[in-house]
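Subject: Structure for you to look at

Hi,

Here is the structure I promised to pass on. Please open it and keep it beside this email as you read.

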Amino acid sequence: MLAALDPDNAGFVEARVEGTTIFFRMGSESAGSLRSTADDLMACLKAAEEAAGAASR
């Protein structure tokens with residue numbers, strides 16, 4: 001899952017995996033930019049989860 005998200009978030013989000021949990025760390029100079037980064041990350045995560053679910057069917 002992390003590999004699917006990595007290219008889209010380079011330079012904006014740090015991520016690490018512990019067991020079956022992915023931890024994200026984001027930083028920004030403004031609240032608006034941070035919100036945009038979080039929104040993009042959630043959209044990409046949802047798409048990756050859906051693709052993984054479809055592939056396992």
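Of the 57 residues in the protein chain, 12% count as buried. Keep in mind that this is a predicted model. The accessible surface of the chain is about 4,400 Å². Carbon and sulfur atoms account for 52% of that surface.

How confident is the predictor? The chain averages a pLDDT of 83. A score of at least 70 is reached by 84% of the residues. Among the elements, helix α1 (residues 2-9) has the lowest mean, at 68. Strand β2 (residues 21-26) has the highest, at 90.

Now the layout. The chain has two helices and two strands. Along the sequence they follow the pattern α-β-β-α. Take the contacts between residues at least 6 apart in sequence: 34% of them join residues at least 24 apart.

Next, the strands. Strand β1 (residues 13-18) and β2 run antiparallel, and six bridges join them. Valine 13 stands opposite methionine 26 in β2. The hairpin of β1 and β2 has two residues between the strands. In this hairpin, glycine 19 takes a positive phi near 65 degrees.

Valine 17 is also in strand β1. Its relative accessible area is 46%, so it counts as partly exposed, between the 20% and 50% cut-offs. Leave aside its neighbours within four places in sequence, and valine 17 is in contact with Leu2 and Ile22. Valine 17 and methionine 1 are 16 residues apart in sequence. In space, they are 9.8 Å apart, C-alpha to C-alpha.

Then look at helix α2 (residues 31-55), where threonine 37 lies. Is threonine 37 buried or exposed? Its relative accessible area is 12%, and buried means under 20%, so threonine 37 is buried. Which residues does threonine 37 contact, leaving aside its neighbours within four places in sequence? They are Phe12, Val13 and Met26. Val13 and Met26 are the pair that stand opposite each other in the strands.

Last, the charged side chains. Side chains of opposite charge can pair when their charged atoms come close. How many salt bridges does a search of the whole structure find? It finds three.

- Arginine 16 and glutamate 18: their side chains meet at 2.8 Å, N to O. Arginine 16 is partly exposed, with a relative accessible area of 45%. Glutamate 18 is partly exposed too, at 42%.
- Aspartate 39 and arginine 35: their side chains meet at 3.9 Å, N to O. Both residues lie in helix α2, four residues apart, about one turn of the helix. Aspartate 39 is partly exposed, at 43%. Arginine 35 has 59% relative accessibility, and exposed means over 50%, so arginine 35 counts as exposed.
- Glutamate 50 and lysine 46: their side chains meet at 4.0 Å, N to O. These two are four residues apart in helix α2, so about one helical turn separates them. Glutamate 50 is partly exposed, at 47% relative accessibility.

Then find its contacts Phe12, Val13 and Met26. After that, follow strands β1 and β2 through their hairpin to glycine 19.

Best wishes

Methods:
Residues are numbered from 1 along each chain as its sequence is written. This is a predicted model: local features need pLDDT of at least 70, side-chain atom pairs count only at pLDDT 80 or more; totals for chains, interfaces and linings use all residues. Side-chain values use heavy atoms; hydrogens and water are left out. Buried means under 20% relative accessible area, exposed over 50%, partly exposed in between (1.4 Å probe, protein chains only). Contact means heavy atoms within 4.5 Å. pLDDT is the predictor's confidence in each residue, from 0 to 100. Two strands pair if DSSP finds at least two bridges between them. Accessible areas come from the Shrake-Rupley method with a 1.4 Å probe; for residues, only the protein chains shown count as cover.
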